[in-house]
Amino acid sequence: MNMVVTWMAEDMHIVYAADDQFAEILGVSLTSLYENNKNINQIYVYILETQISENNKSRLESLSASYGRSKIIWVPAIDISKTLQVDVSIDRGSMSQYSRLFVSSVLPQNLEKVLYLDCDIIIERSLLELWNLDMQGKTIAALMDSFSRWYRMNIGLEPEDIMFNSGVMLIDLKRWRDQNIEKKLLNFICCRKGKIQQGDQGALNAVLAHDVYCFEPRFNSVTIFYDFNYDEMLMYRKPPEFYSRELVSLAIEKPVIIHFTTSFLSRRPWVEGCCHKYVGEWMKYKNMSPWKEFPLWEYKQGSCLNKVFAAFLKKLPRNVAVFLSGLLQAYGRPLFYRIIYFNWTKGVR
């Protein structure tokens, strides 16, 4: 793009992707970013936006101004379905998240590094350590995810390959461009006819599994760490490899970034009835944001089948419930993905 931004070497560049529905959630995240990174010389925030209203844009801009930070840089999100002329499905999140696949095209060409953050996170400590992380020559740094072997095979990976959570990604943009990552991502989506397990995150994993440095989990402390104890988590997800008990414990007690990922066991902090360990922290930043007067979202139960299954699990002993739900998570869901998506992509591995 023709954007011209002048910055200093010690400045930080943060990228979010959001639509209007998640503008409030983005605002809370942005509040926590500014509040806990006052030691950073300057923070440039790029928002890949999908039809965010002028009212919400004004609120976000007022937030940056109140902290004396650089003006938000608005970047219209690229519509991936129109770009590829393919009906791209949404398996998780919203279509706006696909816009991050185009970071090398839409951000300034002289920008060499960015930190991508999902909207559903809060920053509890300075990001300087993460920003200056030695990525060991890899294109991205991210959290090793705990999915089972069968998820990997559904996106063409080997059973022992790394899968990562794409909600926090430190990106070497220069290497991303040199390795033609954007082209590889778009080719993968086209080959799969837009039907990919876990959507944009699945595509990122398929292309970058061998080009990712796995940072400590305290830089992306996800909800599963809080819903289960360590042994239950391994029983539930059955990952071929994962972090040590000590590193996960540190991520729970002293997180740098808290990521409120979706879970069938708990609600997210902007929804009524959330019991997450750090819901109070999220509310603290909400009450400091331009959305402090906005009510929490009404809880919606979801499908009747999910409701019945959740009620059934609650009647079982904890270890039995974890074991049974783990069977569905580790084997049932990837089998479902294979049946649904691979019918669309016969002959494609």
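**Stop 1: Ser99**

Select Ser99. Ser99 is buried, at 3% relative accessible area; buried means under 20%, exposed over 50%, and partly exposed in between, with a 1.4 Å probe and protein chains only. This is a predicted model, in which local features need pLDDT of at least 70, side-chain atom pairs count only at pLDDT 80 or more, and totals for chains, interfaces and linings use all residues. Residues are numbered from 1 along each chain as its sequence is written, and side-chain values use heavy atoms, with hydrogens and water left out.

Ser99 sits in the loop between α3 (80–84) and α4 (103–106). Helices are DSSP runs of H or I with at least four residues, strands are runs of E with at least two, and both are numbered from the N terminus. Now show the surroundings. Not counting residues up to four places away in sequence, Ser99 touches Ala17, Leu48, Ala77 and Ile78; contact means heavy atoms within 4.5 Å. C-alpha to C-alpha, Ser99 and Asp200 are 9.1 Å apart in space, and 101 residues apart in sequence.

**Stop 2: Ser104**

Move to Ser104, in helix α4. Ser104 is buried, with a relative accessible area of 10%. Its side chain makes a polar contact with the side chain of Glu182, at 2.9 Å. A polar contact is a pair of N or O atoms within 3.5 Å; within protein, one must be able to donate a hydrogen and the other to accept it, and residues adjacent in sequence count only if both atoms are side-chain atoms. Leaving out residues up to four places away in sequence, Ser104 touches Gln109, Leu173, Trp176, Arg177 and Glu182.

**Stop 3: Glu124**

Select Glu124, in the loop between β5 (121–123) and α5 (128–131). A salt bridge needs a side-chain nitrogen of Lys or Arg within 4 Å of a carboxyl oxygen of Asp or Glu. The side chain of Glu124 does make a polar contact with the side chain of Tyr285, at 3.1 Å. Beyond four places in sequence, residues touching Glu124 include Asn36, Pro255 and Val256.

**Stop 4: salt bridges**

How many salt bridges does a search of the whole structure find? It finds 14. Start with Arg268 and Asp120, whose side chains meet at 2.5 Å, N to O. This pair links distant parts of the chain, 148 residues apart: Arg268 is in the loop between β10 (257–259) and α13 (279–286), and Asp120 is in the loop between β4 (113–117) and β5. Asp120 is buried, at 7%.

Next, pick Glu232 and Arg318. Their side chains form a salt bridge at 2.9 Å, N to O. Here too distant parts are linked: Glu232 lies in helix α11 (residues 230–237) and Arg318 in helix α15 (residues 318–342), 86 residues apart. Glu232 is buried at 15%, whereas Arg318 is partly exposed at 44%. Then select Arg100, Asp118 and Asp200, which salt bridges with shared partners join into one network.

One more pair: Glu216 and Arg218 meet at 2.7 Å, N to O, in a salt bridge. Glu216 is partly exposed at 30%, and Arg218 is buried at 14%.

**Stop 5: the cores**

In soluble globular proteins, nonpolar side chains tend to be buried together. A nonpolar core is a set of buried Ala, Val, Leu, Ile, Met, Phe, Trp, Tyr and Cys residues joined through side-chain atoms within 4.5 Å. The largest one here has 63 residues, and Ile14, Tyr16, Leu127 and Phe225 have the most contacts inside it. Helix α1 (residues 23–35) gives the most to this core, with 7 residues. A second, separate core of 45 residues includes Tyr98, Phe102, Tyr151 and Phe164.

Zoom in on Phe225. Apart from neighbours within four places in sequence, its contacts include Leu143, Met233, Phe242 and Ile252.

**Stop 6: cysteines and backbone**

Select Cys190 and Cys191. The sulfur of Cys190 has its closest cysteine sulfur in Cys191, 7.0 Å away, which is too far for a bond. The disulfide count is 0, with a disulfide defined as a pair of cysteine sulfur atoms within 2.5 Å.

Finish at Asn180, in the loop between α7 (173–178) and α8 (181–191). Asn180 has a positive phi of about 55 degrees although it is not a glycine.
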